[in-house]
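Student: I would like to take a close look at a single part of this model. Could you take me through that part with care, and then place it in its surroundings?

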Amino acid sequence: IIPIETKLVDPKTGNEKLVTISVDDGIRPGTSMADLSKLKAVFKKNGSTTAGNSSQITDGAAAVLLMKRDVAIQKGLPILGIFRSFAAVGVDPAVMGIGPAVA
């Protein structure tokens, strides 16, 4: 994650506040494989989806800026990676909870 400045708007007052987001609040330092192995499956008795491998309730959004190499060079931007491929998967929204299993 890279630091990014954004604004928060209080839904009750409409007041805006500039903030810098610089950490992912879903990472839990100190979590071990032993801790994760103690978590019970949540959808099926012998399932594999647990609180340890699911998105936290604050799961949000991400952004990626892609451009042609020559444009990045022209703008003096560093080449940080190469886009090779992508895939999109999902399930019917009526079947809530199993989407991550497909991904």
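Student: Is Glu-16 buried or exposed, and what is its relative accessible area?

Tutor: Glu-16 is exposed, because its relative accessible area is 53%, and the cut-off for that class is over 50%. Please keep in mind throughout that this is a predicted model. Glu-16 takes part in a salt bridge with Lys-7, in which the closest N and O atoms lie 3.5 Å apart, and the structure holds one such salt bridge.

Strand S1 covers residues 4-9 and strand S2 residues 16-21; they run antiparallel and are joined by six bridges.

Of the 103 residues, 6% count as buried.

For contrast with the charged pair, consider the nonpolar surface patch of about 520 Å² that is made by Val-64, Leu-66, Phe-83 and Phe-86. Leu-66 lies in the loop between helix H1 (33-37) and helix H2 (69-74), and Leu-66 is exposed because its relative accessible area is 54%. Phe-83 likewise counts as exposed, at 54% relative accessibility, and Phe-86 counts as exposed at 66%. The structure holds one aromatic pair: the ring centres of Phe-83 and Phe-86 are 6.5 Å apart and their planes stand at 25 degrees, so the pair is stacked.

The protein averages a pLDDT of 84, and 86% of the residues score at least 70. Among the elements, H2 has the highest mean pLDDT, at 95, whereas helix H3 (residues 99-102) has the lowest, at 63. Where pLDDT is low, predicted coordinates should not be read in detail.

Terms used. Residues are numbered from 1 along each chain as its sequence is written. This is a predicted model: local features need pLDDT of at least 70, side-chain atom pairs count only at pLDDT 80 or more; totals for chains, interfaces and linings use all residues. Side-chain values use heavy atoms; hydrogens and water are left out. Patches are made of residues with over 30% relative accessible area and no salt bridge: like charges are joined within 9 Å, nonpolar side chains (Val, Leu, Ile, Met, Phe, Trp, Tyr) within 5 Å. Accessible areas come from the Shrake-Rupley method with a 1.4 Å probe; for residues, only the protein chains shown count as cover. A salt bridge is a side-chain nitrogen of Lys or Arg within 4 Å of a carboxyl oxygen of Asp or Glu. Helices (H or I, at least four residues) and strands (E, at least two) are DSSP runs, numbered from the N terminus. Buried means under 20% relative accessible area, exposed over 50%, partly exposed in between (1.4 Å probe, protein chains only). Rings of Phe, Tyr and Trp (its six-membered ring) pair if their centres lie within 6.5 Å; planes under 30 degrees apart count as stacked, over 60 as edge-to-face and the rest as tilted. Two strands pair if DSSP finds at least two bridges between them. pLDDT is the predictor's confidence in each residue, from 0 to 100.
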